[in-house]
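User: I'd like to learn how to read a structure model, one feature after another. Could you walk me through it?

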Amino acid sequence: MGIKTTLLAGLLAGTVSAFALPALAEDVTITVWSLDKDTQPAPNLIKDFNALNNGIKVEYRLLQFDDVVSEAMRAFSTGQAPDIIAVDNPEHALFASRGAFLDLTSRIQTSSVIKPDNYFPGPLKSTIWDGKNYGVPKATNTIALYYNKDMFKAKGLDPNAPPQTWDELVEAARKLTDPAKNVYGLAFSAKGNEEGTFQFLPWAQMGGGSYQHINTPGAVKALQTWKTILDEKLASPDTLTRGQWDSTGTFNSGNAAMAISGPWELDRMVQEAKFDWGVTLLPVPEKGAPRSSAMGDFNWAVFSSTKHPDEAFKVIEYFASQDDKMFERFGQLPARKDIEIKPTGNAHKDAALKVFLEQLQYAQPRGPHPAWPKISKAIQDAIQAALTGQMSPQEALDQAAKKIQAVLG
């Protein structure tokens with residue numbers, strides 16, 4: 001999979017020399033906003049950083065997911081923005097394009113900690129706007145196909161040969177669906193929000209489409225495949241209204257034989273699933289077709305209004321220096337290909353991690369584009385219209401393409 005183990009041998013020593021500076025007479029205060037709760041990276045890394053007593057004191061504020069864009073933009077426009085924020089990767093370009101984020105290109109070029117070549121292409125691309133770097137990936141995730149090996153065996157399917165193409169996925173779902181036992185062949189999210197776009201866009205991309213060209217024949221085929229799955233009741237009708245967490249819960253409870261979800265579910269899977277399970281790469285349109293996958297999680301950025309850009313960047317450098325502990329401490333995948341994820345000792349989890357790390361090599365950002373919310377809404381509306389029978393997949397995606405072109409100009 002090409003996952004290298006090339007963390008610099010002197011990173012720890014470098015961390016001490018770079019961050020444990022003599023305390024100044026008066027500390028510089030840097031404020032950080034993110035969605036991370038007490039068991040997640042931001043508040044814990046901040047606590048560790050403050051313990052260095054290096055003349056920079058970091059203060060933290062927890063945000064709610066739905067408030068990030070509105071709260072941050074309002075704060076910037078009124079001169080009350082924090083120094084640092086963690087934003088969802090598809091929203092990064094919205095801030096960068098409006099001058100809200102500081103251009104970090106030159107600082108990154110001279111950094112001994114942050115090396116662009118070490119990052120997966122997708123996460124790195126999400127921080128770029130107009131050829132300049134406006135952030136640093138915080139963590140990353142993607143999606144793949146979970147499947148119940150016990151159910152595969154019971155239905156005469158090879159548990160070591162999960163579906164590799166869209167047709168194989170549909171055929172397997174047909175065989176695995178068992179209404180008498182309340183078992184659906186597949187669980188996924190087609191919800192009318194960002195989760196629906198997150199799950200569908202890789203299918204469109206594997207079909208030769210993109211957000212700029214969402215109605216290509218391959219993208220239409222992708223949506224038609226989803227419609228077939230819903231029409232034949234191979235997935236639950238509430239696929240249209242539930243998110244990925246609930247979809248995976250259906251799989252964990254034994255009410256779905258397969259599920260499309262991400263690595264954030266691994267610990268839960270280990271705890272809840274009372275059956276033999278595995279993970280495989282997202283099926284492609286046909287054998288040999290290019291792969292794609294969704295890319296989630298957040299990026300660090302510095303607001304352009306900060307009065308302490310050098311100190312703020314030093315804080316982000318510290319966060320990046322801890323990337324090799326991201327999975328061990330917080331269960332999150334680092335956005336870097338040079339970091340080896342050490343085996344956990346759980347066979348199911350370790351095998352799944354290898355798949356997700358391979359899938360990450362094909363992960364693509366949503367956008368980047370400053371009007372991503374509008375673009376995503378057009379895609380969400382198309383999914384809902386097609387799957388509820390209001391329009392054909394072709395009509396729905398043609399309409400989405402017109403809306404998106406109006407946004408792109």
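User: Let's begin with contacts. Which residues does phenylalanine 152 touch, not counting residues up to four places away in sequence?

Analyst: Contact means heavy atoms within 4.5 Å. By that test, phenylalanine 152 touches Tyr147, Leu157, Asp158, Pro159, Pro162, Pro163, Leu176, Ala257 and Met258, with residues up to four places away in sequence not counted. Before we go on, note that this is a predicted model, where local features need pLDDT of at least 70 and side-chain atom pairs count only at pLDDT 80 or more, while totals for chains, interfaces and linings use all residues. Residues are numbered from 1 along each chain as its sequence is written, and side-chain values use heavy atoms, with hydrogens and water left out.

User: Where is phenylalanine 152 placed, and is it buried or exposed?

Analyst: Buried means under 20% relative accessible area, exposed means over 50%, and partly exposed is in between (1.4 Å probe, protein chains only). Phenylalanine 152 is in helix 7 (residues 149-154), and its relative accessible area of 1% makes it buried. Helices (H or I, at least four residues) and strands (E, at least two) are DSSP runs, numbered from the N terminus. One of its contacts, Ala257, sits 105 residues away along the chain, yet the two C-alpha atoms are separated by 7.9 Å.

User: How do I read the side of a helix, say helix 3? Which of its residues are buried?

Analyst: List the buried residues, then look down the axis. In helix 3 (residues 68-77) the buried ones are Val68, Ala72, Met73 and Ala75. They fall within an arc of 160° (taken from the directions from the helix axis to the C-beta atoms), so they line one face of helix 3. The cover over these buried residues includes strand 1 (28-34), strand 3 (84-88) and helix 4 (92-97).

User: What comes at the two ends of helix 3?

Analyst: Helix 3 is followed by glycine 79, which has a positive phi, near 75°. Aspartate 67 is partly exposed, at 35% relative accessibility. Its C-alpha atom is separated by 9.8 Å from that of leucine 35, which is 32 residues away along the chain.

User: What about the peptide bond from glycine 367 to proline 368: cis or trans?

Analyst: Omega is the angle to read. Here it is near -5°, and the bond from glycine 367 to proline 368 is cis. Proline 368 lies in the loop between helix 15 (347-360) and helix 16 (372-387).

User: Tyrosine 362 is in the loop between helix 15 and helix 16. What is tyrosine 362 in contact with?

Analyst: Leaving aside neighbours within four places in sequence, tyrosine 362 is in contact with Arg291, Ser292 and Ser293. Tyrosine 362 and arginine 291 are 71 residues apart in sequence but 6.1 Å apart in space, C-alpha to C-alpha. Tyrosine 362 is partly exposed, with a relative accessible area of 30%.

User: And proline 290, buried or exposed?

Analyst: Proline 290 is exposed, with a relative accessible area of 59%. It is found in the loop between strand 9 (277-280) and strand 10 (298-302). Its contacts, leaving aside neighbours within four places in sequence, are Met206 and Val284.

User: Now the whole protein. How many helices and strands does it have?

Analyst: There are 17 helices and ten strands. The radius of gyration (over C-alpha atoms) is 22 Å, close to the 22 Å that the globule rule gives for 409 residues, so the protein is as compact as a globular protein of that length. That rule is 2.2 Å times the number of residues to the power 0.38. Buried residues make up 56% of the 409 residues.
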